[in-house]
Amino acid sequence: MADLRKLRTQREIQQALTDLLLEKPFSKISVTDIVNRALINRNTFYLHYRDKFDLVEQMMITMIDQSGFSIHEFNTKPFYFLRSILNETSDLGRQIVAHQRADNEFQKVVLTAILQLVTADVNSSNSQVWFVFGKISAIMAWNNQHNHRYDLIQDADQFQQIFDTEKFPD
């Protein structure tokens, strides 16, 4: 019985965040917003998650785990890996990504979740993962500075080319 209550509460919290992500940027969403939307007590939220970042990370990890994508692809073709995940997500997931596109805080928490998965993979070279993440972070920061010139799904080829050549377009 307790497991069902726990699962139901987590589902309500996740649904509340999902709804809020469609309404406003992640950086503007507070735990108070989430608990009010989920109709739960703040303490209940903290029984399940450390903070809103932990909530998003857990949701992302679950989504990626369920997708069946190979983490090994991440080390060599990270932007194709990310595009594959985004293409396989639901319409609702794509709407959230589109709505959160300009929110740097949301981008960071998504990359953190992916980093957790990749570094947990015992077959992955830890130093290689860190270099891959460094390059991705630099490319995403460059894209943000250029007013989101490229879209992660539609322009994965351009992102991957920047990653492979280590050169930004003019």
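Predicted model: local features only at pLDDT ≥ 70, side-chain atom pairs only at ≥ 80, totals over all residues.

Visitor: What makes α6 roughly antiparallel to α10?

Guide: The axes of these two helices, which are lines fitted to C-alpha atoms over the stretch in contact, come within 8 Å and cross at roughly 155°. Angles run from 0 to 180 degrees between N-to-C directions; under 35 counts as roughly parallel, over 145 as roughly antiparallel, 65 to 115 as roughly perpendicular and the rest as oblique, and therefore α6 is roughly antiparallel to α10.

Visitor: Which residues of α6 and α10 make the contact?

Guide: With contact meaning heavy atoms within 4.5 Å, α6 brings P78, F79, Y80 and R83, and α10 brings A156, D157, F159, Q160 and F163. By class, this contact has 6 nonpolar, 1 polar and 2 charged residues. F79 also touches I136, I139, M140 and L152, among others outside the four places on either side of F79 in sequence.

Visitor: How many residues does the largest nonpolar core have?

Guide: The largest nonpolar core has 44 residues, where such a core is a set of buried Ala, Val, Leu, Ile, Met, Phe, Trp, Tyr and Cys residues joined through side-chain atoms within 4.5 Å. Those with the most contacts inside this core are I34, F45, F74, F79, F106, I114 and I136. Several helices each supply at least two of the core's residues, including α1 (2–21), α4 (52–67) and α9 (126–145), and α8 gives the most, with 9 residues.

Visitor: Why is K52 called buried?

Guide: K52, which is found in helix α4, has a relative accessible area of 9%, and buried means under 20%, exposed over 50% and partly exposed in between, with a 1.4 Å probe and protein chains only, so K52 counts as buried. Leaving aside its neighbours within four places in sequence, K52 is in contact with F26, S27, I29, V31, I34, F45 and E105.

Visitor: How do you know that Q66 counts as exposed?

Guide: Q66 also lies in helix α4, but its relative accessibility is 66%, and therefore Q66 counts as exposed.

Visitor: What is the phi of L39, positive or negative?

Guide: L39 has a positive phi of about 60°, although L39 is not a glycine. Most residues other than glycine have a negative phi. L39 lies in the loop between α2 and α3 (42–48), and its relative accessibility of 76% makes L39 exposed. E166, in the segment after α10, likewise has a positive phi of about 60°, and E166 counts as exposed at 57% relative accessibility.

How values were computed:
Residues numbered from 1 in each chain as written. Heavy atoms only, no water. Helix = DSSP H or I, 4+ residues; strand = E, 2+ residues; numbered from the N terminus. Nonpolar A, V, L, I, M, F, W, Y, C, P; charged D, E, K, R; others polar.
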